[in-house]
Amino acid sequence: MSTPLKQIHLAAHFPGVNNTTVWSDPEAGSHIEFSSFAHFARTAERAKFDFLFLAEGLRLREQGGKIYDLDVVGRPDTFTVLSALAAVTDRLGLTGTINSTFNEPYEVARQFASLDHLSGGRAAWNVVTSWDAFTGENFRRGGFLPQDERYSRAKEFLATATELFDSWRGDEIVADQASGTFLGDARAGAFAHQGQHFDIAGQFNVPRSPQGRPVIFQAGDSEEGREFAAAGADAIFSRYSTFKEGQAFYTDVKGRLARHGRTHDQLLILPAATFVLGDTDAEARELAHEVRRQQVSGATAIKHLEFVWNRDLSAYDPDGPLPDIDPDPGEHTIARGRAQVRMYRDPLAVAREWRELAAANKWSIRDLVIETGSRQSFIGSPATVAETINSFVQADASDGFILVPHITPGGLDVFADTVVPLLQERGVFRTEYEGTTLRDHLGLAHPGTEVHQDRAAS
């Protein structure tokens with residue numbers, strides 16, 4: 001008896017403030033105007049995607065003490081955008097990245113429960129922590145938590161928010177006009193939490209939402225992040241979009257579920273993936289090369305090199321050789337608020353490796369940054385890309401992908417029009433939504449209400 005084909009999950013990531021987005025392309029639109037978000041969301045829903053995904057930026061990035069303005073700068077508030085999109089979509093899930101380091105559980109739970117109501121059960125929360133004091137300066141003096149404390153706070157934050165979501169059973173509102181009784185239980189929303197990070201008590205003021213709780217995403221890749229996801233997340237936003245790395249990550253994280261009393265299908269793994277499509281594979285490869293050169297201008301290449309060198313390299317020619325001077329291995333001060341600086345733990349070793357690569361291939365600074373940077377995940381004709389995506393999912397390298405187009409807002413259109421129909425023909429992607437909530441789309445159970453014993457007895 002043959003194994004049934006896995007169904008592919010697809011989502012759309014409105015591109016973030018990084019050089020993936022080619023904002024200078026003539027086809028690019030606004031990253032702030034609502035019409036761009038609406039176009040993007042409607043395309044995803046037309047293609048029957050599971051959800052739209054928004055990342056988060058809590059402070060403008062800086063380089064050399066100035067705002068880094070080679071990429072998109074600034075973005076409207078996540079909850080405001082998702083709430084507006086709820087009014088112009090019917091089935092598409094709405095996923096927002098909200099930080100657990102600088103927010104409070106009551107406020108975030110209230111916002112997500114409200115979004116779930118307004119959208120008819122389509123809300124999802126990507127739970128993240130913040131790693132640097134630079135971002136934290138916007139929120140509190142010092143603004144920094146060590147990694148172990150960040151994840152300790154995140155775990156308790158999520159647990160506290162869950163208590164708030166579950167403080168309503170869902171049957172308390174009777175709204176009996178004849179008797180004049182609106183609420184059937186005076187203790188609806190009652191909660192009390194005491195812990196290391198939060199000590200709160202009261203009554204949660206948003207009734208139980210259609211999903212009960214929002215779908216929970218997690219995006220961390222550290223040991224703590226993987227364990228956090230295995231313990232309580234519904235899905236992981238992964239960075240492993242290559243086949244071997246994807247399979248290794250998939251096996252590792254899914255293998256952690258059993259010790260948390262969870263089954264294989266209770267956690268989805270969805271890597272971010274970029275793509276370039278052409279009428280033929282050869283044409284797509286040519287287009288991909290052009291896109292990479294759009295993404296990495298000469299000025300961008302110099303800035304990326306500064307992440308490693310930790311020096312001002314503005315005097316260097318991006319079409320010339322790498323600097324003879326070594327990186328400054330001291331405290332990183334050139335690029336602030338950039339996660340990339342954490343990738344280069346040993347800048348002297350990275351510089352040696354890059355010099356060897358540049359010499360062997362006769363690469364300029366710009367060539368090196370293009371060749372060593374992230375490449376598009378899927379390049380080819382629609383048929384090639386559809387086959388590749390399906391092969392990843394069937395071989396347990398992922399459960400699907402969160403697609404990140406390089407053009408906003410129209411970059412998703414060609415994928416929706418050419419690749420999705422091929423996946424539907426294979427029988428591995430829906431032709432219509434079968435449910436109304438995001439949990440329905442993802443094949444996740446709706447959580448039951450966990451009622452405190454003292455409340456249940458009252």
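Which residues are buried in helix 13?

1. In this predicted model, the buried residues of helix 13 are Asp413, Phe415, Ala416, Val419, Val420 and Leu423. These buried residues pack against strand 1 (9-13), helix 1 (34-46), strand 14 (275-277), helix 12 (382-394) and strand 17 (400-403).

2. Helix 13 covers residues 413-425, and its 13 residues reach 18 Å from the first C-alpha to the last, which is close to the 18 Å expected at 1.5 Å a residue.

3. The backbone on either side of helix 13 deserves a careful look. In the loop between strand 17 and helix 13 we find Pro409, and the peptide bond that joins Thr408 to Pro409 is cis, with omega near 0°. Just after the helix, Gly427 takes a positive phi of about 80°.

4. Most residues other than glycine have a negative phi, and most peptide bonds are trans. Lys48, although not a glycine, has a positive phi of about 65°; it sits in the loop between helix 1 and strand 2 (51-54). Because its relative accessible area is 17%, under the 20% limit, Lys48 counts as buried.

5. Asn310 is not a glycine either, yet it has a positive phi of about 55°, and it lies in the loop between helix 9 (298-309) and strand 15 (335-336). With 5% relative accessibility, Asn310 is buried.

Technical notes
Residues are numbered from 1 along each chain as its sequence is written. This is a predicted model: local features need pLDDT of at least 70, side-chain atom pairs count only at pLDDT 80 or more; totals for chains, interfaces and linings use all residues. Side-chain values use heavy atoms; hydrogens and water are left out. Helices (H or I, at least four residues) and strands (E, at least two) are DSSP runs, numbered from the N terminus. The expected span of a helix is 1.5 Å times one less than its number of residues. Buried means under 20% relative accessible area, exposed over 50%, partly exposed in between (1.4 Å probe, protein chains only). Contact means heavy atoms within 4.5 Å.
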